[in-house]
Number of protein chains: 2
Amino acid sequence: MPIRPATPADIPTILRFIRELAAYEREPDAVVATEADLLRDGFGPEPRFTALIAEQAGEAAGFALYFRSYSTWLGHHGIRLEDLYVTPAHRGKGLGKALLAHLARIAVEEGCPRLEWDVLAWNQSAIDVYEAVGARTQTEWRIMRLAGEPLARLAEQAGKLHD
Amino acid sequence: MPIRPATPADIPTILRFIRELAAYEREPDAVVATEADLLRDGFGPEPRFTALIAEQAGEAAGFALYFRSYSTWLGHHGIRLEDLYVTPAHRGKGLGKALLAHLARIAVEEGCPRLEWDVLAWNQSAIDVYEAVGARTQTEWRIMRLAGEPLARLAEQAGKLHD
């Protein structure tokens with residue numbers, strides 16, 4: 001069986017994959033996550049994500065990490081893929097597609113109407129692969145992000161507005 | 001207190017707000033969610049979202065609905081805002097900003113480094129409001145979605161690849 005659920009023993013490998021993927025996405029210094037973070041959030045009392053490992057000849061060759069989103073229009077949770085990665089040595093064997101298919105099956109089994117993920121707009125080769133399996137690029141939407149100092153500043157205003 | 005957690009008694013109001021927001025987003029027929037769906041997913045044994053109600057003079061005037069996302073780069077969950085809505089009669093009073101501030105406080109309290117949400121690329125007036133509180137538009141990312149027949153077709157291939 002080439003695809004299996006991750007266990008705590010996989011955490012060092014998962015963190016290495018996360019760093020390799022960040023480097024590929026041109027953000028090599030963006031990863032501040034630690035093994036302790038991933039242990040707490042993947043395998044603690046309040047799981048925040050689920051991870052799958054793709055194996056080749058007993059070796060971890062890639063992974064997928066996801067969480068559950070929610071659609072108010074559809075009235076159901078969905079699967080949101082955060083990371084999908086195959087090591088350079090194992091590319092071109094269809095492992096990425098096998099991971100996506102595994103996720104699609106999980107989505108169908110959980111009754112999720114959607115499997116979604118983000119892609120870098122410049123990564124046309126990835127977009128081509130995704131569209132080849134039937135995914136559609138949601139060109140009409142943009143992601144807004146509030147973080148750091150502006151997040152802290154807005155948080156301080158909570159409860160003070162509307163007095 | 002103008003902002004409070006939603007209760008099961010708010011579900012008919014929340015579903016009305018979801019429909020009004022979909023109409024505003026030019027997708028009036030996109031909402032297939034039912035009250036039973038929202039009861040199960042908001043208040044059942046496996047909660048999939050959390051909702052807040054903004055009140056004015058004892059009446060529900062808007063809502064925010066969110067779930068927890070995950071960042072592998074930061075090693076922490078984040079707050080993902082799915083819906084933010086204020087009724088036409090109550091706009092212009094800062095209720096939307098008050099809801100965002102409340103969410104920012106929740107994010108800070110939970111140690112989340114990010115509060116994120118999607119916005120329609122054509123909705124510049126909303127983007128202006130969001131950027132005014134310090135949010136940044138993640139112009140480099142696109143959302144991919146796999147749904148319907150292509151999702152089912154890919155799911156059927158799970159386990160059959162790599163035999």
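A salt bridge here is a side-chain nitrogen of Lys or Arg within 4 Å of a carboxyl oxygen of Asp or Glu. By that rule, the structure holds 24 salt bridges over all chains.

Some ground rules come next. This is a predicted model, where local features need pLDDT of at least 70, side-chain atom pairs count only at pLDDT 80 or more, and totals for chains, interfaces and linings use all residues. Residues are numbered from 1 along each chain as its sequence is written, chains are lettered from A and ligands numbered from 1 in the order in which they are written, and side-chain values use heavy atoms, with hydrogens and water left out.

**One chain**

Let's start with chain A. Its secondary structure comes to five helices and seven strands, and from the N terminus on the order is β-α-α-β-β-β-α-β-α-β-β-α. (Helices are DSSP runs of H or I with at least four residues, strands are runs of E with at least two, and both are numbered from the N terminus.) Taken along the principal axes, the C-alpha atoms of chain A fill a box of roughly 65 × 35 × 35 Å.

Of the 163 residues of chain A, 55% count as buried. Buried means under 20% relative accessible area, exposed means over 50%, and partly exposed is in between, using a 1.4 Å probe and protein chains only. Contact means heavy atoms within 4.5 Å. Among the contacts in chain A with a separation of 6 or more, 53% are between residues 24 or more positions apart.

**How the two copies meet**

Chain B can be laid on chain A by a turn of 180 degrees and a shift of 0.0 Å along the axis, with an RMSD of 0.0 Å. The two copies are thus related as by a two-fold rotation axis. (The superposition is by least squares on the C-alpha atoms of residues with pLDDT of at least 70 in both copies.) The copies meet through the same surface, because 100% of the interface residues of chain B are also interface residues in chain A.

The contact takes 80 residues from chain B and 80 residues from chain A. Together the chains bury about 7400 Å², 63% of it on carbon and sulfur atoms; buried area is the accessible area (1.4 Å probe) that two parts lose on being put together, summed over both. On the chain B side, B:Trp73, B:Met144 and B:Arg145 lose the most area to chain A, together 13% of what that side buries.

There are 28 residue pairs in polar contact between chain B and chain A, both residues being at pLDDT 80 or more. Helix 3 (residues 95-109) of chain B gives the largest share of the side of chain B that touches chain A, 10 residues. A polar contact is a pair of N or O atoms within 3.5 Å; within protein, one must be able to donate a hydrogen and the other to accept it, and residues adjacent in sequence count only if both atoms are side-chain atoms.

**The core**

The largest nonpolar core has 44 residues, and A:Ile14, A:Leu38, A:Phe63, B:Ile14, B:Leu38 and B:Phe63 touch the most other members. Helix 1 (11-24), strand 2 (50-56) and strand 3 (59-71) of chain A each supply at least two residues of this core, as do helix 1, strand 2 (50-56) and strand 3 (59-71) of chain B. Such a core is a set of buried Ala, Val, Leu, Ile, Met, Phe, Trp, Tyr and Cys residues joined through side-chain atoms within 4.5 Å. Not counting residues up to four places away in sequence, A:Phe63 touches residues including A:Ile14, A:Phe17, A:Leu52 and A:Leu99.

**Salt bridges**

Two salt bridges cross the interface of chain B and chain A. A:Arg80, A:Glu116, A:Asp118 and B:Arg145 are linked in a network of salt bridges. Here are some pairs from the structure:

| Pair | N to O distance |
|---|---|
| B:Arg145 and A:Glu116 | 2.7 Å |
| B:Glu55 and B:Arg4 | 2.8 Å |
| A:Arg48 and A:Glu46 | 3.5 Å |
| A:Glu149 and A:Arg153 | 3.6 Å |

B:Glu55 lies in strand 2 of chain B and B:Arg4 in strand 1 (residues 3-5), so the pair ties together parts that are 51 residues apart in sequence. B:Glu55 is partly exposed at 22% relative accessibility, and B:Arg4 is partly exposed at 23%. A:Arg48 is buried at 18%, whereas A:Glu46 is exposed at 52%. A:Glu149 and A:Arg153 both lie in helix 5 (residues 148-156) of chain A, four residues apart, about one turn of the helix.
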